[in-house]
Amino acid sequence: MAETVTPAPAVVTTVDAGRNAAGEKLMVLNMGPQHPAMHGTLRLVLELDGETVVRCRPEMGFLHTGFEKLGEYRSYNQFVTVTDRMNYLSAINNNIGWAQACEELWGVECTPRCRRLRVIMGELSRLSDHILCVGLQAMDLGAFSVMLWGFARREQLYDLFERVTGARLTNSWTRVGGLMQDVPADFVARVKAVTDTFPEIIDETDKMLSKNKIFTGRTRGVGVLSAEDAIAYGVTGPVLRASGVEYDLRRARPYSGYEKFDFDVPTQTDGDSFARFQQRLEEMRQSVRIIRQALVDIPGGPVNVDNYKLSLPAKELVYTRMEEMIHHFKLTMIGHGPYPPKGEVYSATEAPNGELGWYLVSDGKRNPYRVRVRPPSFYHFQVVPKLVEGRLISDLVAVLSSLNVIAGELDR
Amino acid sequence: MDAAAPHDEPESPPAGEKPSLSEELYLPEILKGLATTFKHLIRPEKFTVEYPEKKKPIPQNFRGEHALKRDAQGRVKCVACFLCATACPSECIHITAGPTPPEWTDREKYPTKFEIDMLRCIYCGMCEEACPCDAIELTSKFYQVSETREEKYFGKDTLLRQPMKREYPDQG
Ligand code: SF4
Ligand code: SF4
């Protein structure tokens with residue numbers, strides 16, 4: 001009788017059989033989407049051998065909102081409200097990224113004042129994002145007070161955002177070719193107050209955690225991402241730089257006038273959770289440095305481009321003059337523009353989490369033909385299995401919080 | 001993935017800076033940490049606000065609930081041009097226009113109905129930005145509480161009754 005040969009499956013692992021080396025069944029654990037240690041509605045399906053994660057399968061889609069599709073039904077200026085909600089921790093960076101993509105599509109450059117203000121607000125937003133991420137990383141490992149002290153400083157930033165943009169979280173601050181409004185008169189003084197007090201909390205966090213035995217014990221050597229893997233997975237931002245790759249869009253492809261400022265692109269060597277923590281602290285120090293330079297000699301002039309086919313005229317003129325009134329109507333009514341040229345554009349900015357890219361296709365109509373976002377979190381979420389498989393389940397928490405995955409932009 | 005890998009011992013952490021003796025002993029470090037904690041406990045700066053009794057200053061340009069403005073004669077300022085409804089990204093403004101009463105000589109149209117679905121509204125302020133005659137504004141009112149959904153569907157009367165920005169004290 002002919003021997004029956006069972007064809008070998010493409011990949012033979014004990015994992016697929018759901019058994020460990022001793023032949024015992026692995027336990028399947030659903031972590032998330034409503035787990036307190038999950039940052040947002042993320043889900044990880046874990047196969048556990050005791051406390052060791054044998055296999056980890058990230059699942060997304062629990063916060064799917066159709067943001068990209070919505071982009072086809074909103075005008076370029078209206079869509080900025082949606083970008084707020086993609087990354088609610090650094091909405092201003094998202095606003096800036098979106099406005100910049102639209103400006104590249106139109107082929108306009110915004111005014112020097114607008115660009116400078118965008119740098120300042122973008123870096124402030126980066127501070128608020130990083131201090132939260134660092135605080136949550138500590139909180140997930142049991143150090144609650146560090147997070148709360150960070151929150152106190154973050155509150156100061158949010159008060160400033162509220163003063164400048166009119167909202168704390170959903171700022172919707174930019175418009176195509178400018179900003180929603182100029183900054184208030186006390187803006188510089190308020191930002192100075194932030195740059196004076198903020199370094200203290202960075203140093204304090206550093207002091208409290210960097211040599212803390214529990215914290216280092218749980219983060220050093222945990223979730224090591226090599227530079228090659230980081231590049232292969234498309235990881236960007238602090239996570240990439242913590243693995244030792246010096247790549248920062250503010251340096252590599254300067255926008256908004258970043259080339260004029262003197263700042264370092266810090267990197268770490270280890271690529272573990274601890275390195276990512278240190279990386280964020282360093283980046284905050286650099287952000288403060290940039291803001292300090294940017295506050296000197298803020299260019300005067302208007303914040304919006306001088307083009308009534310694109311930017312709304314000033315309100316006082318609309319109330320009093322006929323021509324401005326007509327342009328105001330034409331820009332707001334459907335059927336009169338503003339119309340971009342036909343074409344496609346990919347534009348990327350360095351958001352706090354990494355490269356935030358927008359790919360826009362325009363058919364010359366009022367709404368985009370297609371909006372595609374390249375959110376940094378998408379790439380960070382997919383490396384999770386790489387970092388946690390073979391490690392303890394408690395390491396997973398340390399890894400996940402160091403990646404700062406934002407469900408809103410992950411699922412969009 | 002290598003099947004045997006999961007059962008290996010996790011590799012030891014890379015050697016960082018060598019901890020000093022006092023860090024090795026741990027107790028002095030705990031005391032130092034506690035010192036920081038107490039420093040925070042007694043620092044004069046307070047970040048929390050005892051909310052209902054004390055209120056935080058709300059800036060002038062805060063985007064809260066809407067109000068419709070009145071002109072000098074106390075009539076609604078709106079001319080029912082529909083610009084706000086067009087600019088609204090969440091499509092939550094519903095206006096019905098009608099001819100003005102004969103004694104209103106300055107315009108022909110005014111809103112007979114002006115409704116905003118506050119549960120759809122995202123408080124972006126684009127309606128205020130779009131209004132060509134300064135008739136709608138987002139006030140500093142941020143406590144958006146009601147017992148039913150219907151109450152959050154603001155009609156013209158509610159919108160005209162809303163307190164205006166300037167009626168709020170301290171505009172930070
Ligand atoms: S604030 Fe925005 S969402 Fe709300 S009614 Fe005005 S335009 Fe619409
Ligand atoms: S834009 Fe102003 S005037 Fe026009 S309908 Fe809206 S509130 Fe009335």
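Me: Which residue in the turn of the hairpin formed by S2(A) and S3(A) has a positive phi?
Reply: A:Gly50 does, at about 65 degrees. The hairpin leaves 2 residues between S2(A) and S3(A). One caution before we go on. This is a predicted model: local features need pLDDT of at least 70, side-chain atom pairs count only at pLDDT 80 or more, and totals for chains, interfaces and linings use all residues. Residues are numbered from 1 along each chain as its sequence is written, while chains are lettered from A and ligands numbered from 1 in the order in which they are written.

Me: How many bridges pair strand S2 with strand S3 in chain A?
Reply: Strands of a sheet pair through backbone hydrogen bonds, either parallel or antiparallel. Here S2 (residues 43-49) and S3 (residues 52-59) of chain A are antiparallel, over 7 bridges. A:Val45 stands opposite A:Arg57 in S3(A). Strands (E, at least two residues) and helices (H or I, at least four) are DSSP runs, numbered from the N terminus. Pairing takes at least two DSSP bridges between two strands.

Me: In what order do the 3 strands of the open sheet in chain B run?
Reply: The order is S2-S3-S5, with antiparallel pairing. S2 (93-99) and S5 (153-154) of chain B are the edge strands, each pairing on one side only. S2(B) and S3 (residues 109-117) of chain B are joined by 7 bridges. One partner to find: B:Ala97 bridges to B:Pro111 in S3(B).

Me: Now helices. At what angle do H4 and H5 of chain A pack?
Reply: Angles run from 0 to 180 degrees between N-to-C directions, and axes are lines fitted to C-alpha atoms, for helices over the stretch in contact. H4 (residues 91-106) and H5 (residues 112-140) of chain A pack at about 140 degrees, with axes 8 Å apart. That makes H4(A) oblique to H5(A); under 35 degrees is roughly parallel, over 145 roughly antiparallel, 65 to 115 roughly perpendicular, and the rest oblique. H4(A) brings A:Ile92, A:Asn93 and A:Ile96 to the contact, and H5(A) brings A:Arg118, A:Met121, A:Gly122, A:Ser125 and A:Arg126. Contact means C-beta atoms, placed from the backbone, within 7 Å.

Me: What classes of residue make that contact of H4(A) with H5(A)?
Reply: There are 3 nonpolar, 3 polar and 2 charged. Nonpolar covers Ala, Val, Leu, Ile, Met, Phe, Trp, Tyr, Cys and Pro; charged covers Asp, Glu, Lys and Arg; the others, Gly among them, are polar.

Me: How do H5 and H7 of chain A cross?
Reply: The axes of H5(A) and H7 (residues 187-209) of chain A come within 12 Å and cross at roughly 25 degrees. H5(A) and H7(A) are therefore roughly parallel to each other. Their contact has 11 nonpolar, 1 polar and no charged residues. Among those that meet are A:Leu124 and A:Ile131 in H5(A), and A:Val194 and A:Phe198 in H7(A).

Me: Which residues come nearest to ligand 2?
Reply: Of the 13 residues around ligand 2, they are B:Cys78, B:Cys81, B:Leu83, B:Cys84 and B:Cys131. A residue is near if its C-beta atom, placed from the backbone, lies within 6 Å. The shell has 13 nonpolar, no polar and no charged residues.

Me: And which come nearest to ligand 1?
Reply: B:Cys88, B:Cys121, B:Cys124, B:Met126 and B:Cys127, out of 14 residues around ligand 1. That shell divides into 12 nonpolar, 2 polar and no charged.

Conventions. Contact = placed C-beta atoms within 7 Å.
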